[in-house]
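Subject: Structure handover

Hello,

Here is the structure I promised to pass on. Please open it beside this email and read along.

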Amino acid sequence: MTNYNTTQYLPFEDEIASLDEHISRLKADNRSRAIDLSAEIRTLQAEQTALLQKTYSTLTPWQTVQVSRHPKRPLFTDYLSLMVKEPRQLHGDRCFGDDPAIMTILGQIGRQKVLIVGQNKGRDTKEKIKCNFGCPNPEGYRKAMAKMKLAEKFGLPVVTFIDTPGAYPGIGAEERGQAQAIAVNLMEMSRLKTPIISIVIGEGGSGGALGIGVGDRLSMLEYAYYSVISPEGCAGILWHDGAQAEKAAKALRLTSKELKSLGLIDTVIKEPLGGAHRSIHDTVYNVEQYIIRTLRELKRVKIDILLEKRYRKICAVGDSETMIRRLKSKKDLPAKPAIPERLSAKAQLEKTAQQEALEKAK
Amino acid sequence: MRTIKVSKPINNKNKKNTVVKMPAKNKTSWDGYSIKPRKEMPDGLWLACPACQHMLYRKIVDKNLNVCPECDAHFRIDGPTRVKQLVDVGSFEEILADLTSLDPLQFEARGVKYKDRIKVDDDAKGCEAMLTGKAFIRGRGVMLAVMNFGFLGGSMGMVVGEKFCKAVDQAIEESLPLIVVSCSGGARMHEGVVSLGQMAKTSAAIGKLDEAGGLFISILSDPTTGGVSASFAMLGDIIIAEPNALIGFAGPRTIKQTIKIELPEGFQRAEFLLEHGFVDMITHRKDLRKEIGRLIDYCGK
């Protein structure tokens, strides 16, 4: 029997998979035979929708991570081809080379001309190897910075798409200063004189994601994740066993819902029923509408005020009273000996003279 | 248990045929005929240099600024010791010593709560992963921030970020040079994305300092990796590294796991970074005070 399904199912979607198969078999029968099965198909489809709704509204953190890594999930290139008019890709960091894992593109979203910076994972194996599986090298970050400076010069807003497991850990990357490249990006993006919107579309892994993710707005797709370390890495360190990633994913609070409730991201962009991979066009439409709306909002603000607001927003992380506290016990510590006054020679002479005068008066 | 008879002692006539129990030989550690391996010394007076295996008297090491007198290996030191070594005697005035994290994530791993974890570390070491304060170095007033490796691997959480930003603010306000000694494994994963946010926060603060024209000297000690090296540590106007310090973005173990080849000798060490142009100078710990003083004279206001 031929398999009509092209969707790839995740481990927790067994029921949905069997239902889908049943429906497709019925559909095939409906076509080939003279019996009308459409009523039955309709009830089954309703059942399937309900099941999808149920599954996807109660995803565990680890299941969310699995959805965000789904092989059919829309990548940056999909957004690019469906959303951006007249794209012109810019290559090279003018220092070392061109990194295909980060793409910088001048284009138009809606009516707004923008610079788009996006991390590309690659769809097939050949592309994936070329892009290091979405792990950028330092030249990628430097390229992004150079093009963002260009956008600043010509007043173009910047939209960044984050989708990376992390910056590439390799010998070459360290030789060319991965840490320094990311650090410079963080500093420069915090004061870039143009609006910046960042969207996590899939995986948001640690410094690699943050390297192009500092700006006025940070939003996430519903089933994307954003974390300080990959769940596997965290499990390896704290549980001494990479297989405990499920527990680590839960502890790290990396889903969009939890990050929103902690106030660490601005917006959660809705995904179609059953995740972005079930309907790429709907996902892209939602993201496009979000970008157009937010850009309109940010363009109204004067740039100085925008920068001040951005700085305050960045500094507000871990600043609030719900996160940080002063210890009471340490308040009553004995005072440290005061630093002796440092006076110039002239001042010292004057002081001693004053003291002598006082003594004489006594 | 084997027993052996000891013949009658000559001097002591009262004791007769004492039976001495001999402890069983531990065959796993010693085969019986080769030179016996050196046992690890008890904590306290003596310590073995991890680089050259020399036995060193602790007081001499302390006097030598925790540098091995035999091979010049720079040992890791905790925050308070570093402050003591760096500043003029009695001039360190700590700020914000009483901050603590409230654990917004309620992080728990293997039954150990992060909240309890920081409590234990706090009691033992008496300070968070960073100490900030005003001090004098060779008579020059500075704003000093020193990372404390003893507290959860010196990892950067929200307390570190907050202390750092306040230190930068004060440095801008009083136009003091900012000296930061980094010694950290990276961002603190117990605080999740909040600690990731600290990378952006500290970098943005350095951006402000840069705009205000302040001097920022970043000192990298062993180890400076992960989120700390990818934020403020690499943004220094002048970057000084200690000899043979491990400095990099990803740890050597992570790189080895990812690319599955042996890493070259001296990879990610201070000398490697100097060669590739990411640090300005490598300075011996005993010259650190002198160098900082001189650099402030050249670049400070």
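The mean pLDDT of chain A is 87. In that chain, 93% of the residues reach 70 or more. The exception to keep in mind is residues 1–5 of chain A, where the pLDDT is below 50. Beyond near neighbours in sequence, that stretch has six contacts in the model. Where pLDDT is low, the predicted coordinates should not be read in detail.

**Chain B in outline**

Chain B has 301 residues, and 50% of them are buried. Its secondary structure consists of nine helices and 14 strands. Take the contacts in chain B between residues at least 6 apart in sequence: 64% of them join residues at least 24 apart.

**Where the chains meet**

How many residues of each chain are in contact with the other? The count is 68 in chain B and 58 in chain A. The two chains bury about 5,400 Å² between them. Carbon and sulfur atoms account for 70% of that area. Three residues stand out on the chain B side: Asp98(B), Met189(B) and Phe249(B). They supply 13% of the area that chain B buries against chain A, more than any other three residues.

Ser231(B) is worth a look here. It sits in the loop between H6 and strand S13 (238–241) of chain B. Is Ser231(B) buried or exposed? It counts as buried, because its relative accessibility is 0%, and the cut-off for buried is under 20%. Leaving aside neighbours within four places in sequence, Ser231(B) has contacts in both chains. In chain A, it touches Ala183(A) and Leu186(A). In chain B, its contacts are Met156(B), Met199(B), Thr202(B) and Ser203(B).

**The largest pocket**

The largest pocket holds about 1,700 Å³ of space. It is lined by 45 residues. Closest to its centre are Ile229(A), Gly233(A), Ile237(A), Gly251(B) and Thr254(B). By class, the lining has 20 nonpolar, 19 polar and six charged residues.

**Cavities**

There are three cavities of 30 Å³ or more. The largest cavity has a volume of about 80 Å³. Its lining also draws on both chains. Chain A gives Glu174(A), Gly177(A), Gln178(A) and Ala179(A). Chain B residues in the lining include Met234(B), Ile247(B), Phe272(B) and Phe278(B). Phe249(B) lines this cavity too, and we met Phe249(B) above at the interface. Helix H8 (178–189) of chain A and helix H8 (270–275) of chain B each supply at least two lining residues. The classes here are seven nonpolar, four polar and one charged.

Thr64(A) is in helix H3 (residues 61–68) of chain A. With a relative accessible area of 4%, Thr64(A) is buried. Its contacts, apart from neighbours within four places in sequence, are Leu59(A), Tyr223(A), Ala224(A) and Thr255(A).

Leu65(B) lies in a loop of chain B, between helix H1 (58–63) and helix H2 (79–86). It is partly exposed, at 24% relative accessible area. Beyond its neighbours within four places in sequence, Leu65(B) is in contact with Gln85(B), Arg285(B) and Lys286(B). Leu65(B) and Gly266(B) are 201 residues apart in sequence, and their C-alpha atoms are 24 Å apart.

**Backbone details**

Most residues other than glycine have a negative phi, and most peptide bonds are trans. Which places depart from this?

- The peptide bond from Asp222(B) to Pro223(B) is cis, with omega near -10 degrees. Pro223(B) is in strand S12 (residues 216–224) of chain B.
- Asn132(A) has a positive phi, near 55 degrees. Its place is the loop between helix H5 (125–130) and helix H6 (138–153) of chain A.
- Gln106(B) also has a positive phi, of about 50 degrees. This residue is in the loop between strand S6 (99–101) and strand S7 (108–109) of chain B. Gln106(B) counts as exposed, at 58% relative accessibility.

Best wishes

Note on methods. Residues are numbered from 1 along each chain as its sequence is written. Chains are lettered from A and ligands numbered from 1 in the order in which they are written. This is a predicted model: local features need pLDDT of at least 70, side-chain atom pairs count only at pLDDT 80 or more; totals for chains, interfaces and linings use all residues. Side-chain values use heavy atoms; hydrogens and water are left out. Helices (H or I, at least four residues) and strands (E, at least two) are DSSP runs, numbered from the N terminus. Buried means under 20% relative accessible area, exposed over 50%, partly exposed in between (1.4 Å probe, protein chains only). Contact means heavy atoms within 4.5 Å. On a 1 Å grid over the protein atoms alone, a cavity is a set of points where a 1.4 Å probe fits but cannot get out, and a pocket is an open set with protein on both sides within 12 Å along at least five of seven lines; lining residues have an atom within 4 Å of a point. Grid points are joined across faces, edges and corners, and a volume is the space filled by probe spheres set on the points. Ala, Val, Leu, Ile, Met, Phe, Trp, Tyr, Cys and Pro count as nonpolar, Asp, Glu, Lys and Arg as charged, and the others, Gly among them, as polar. pLDDT is the predictor's confidence in each residue, from 0 to 100. Buried area is the accessible area (1.4 Å probe) that two parts lose on being put together, summed over both.
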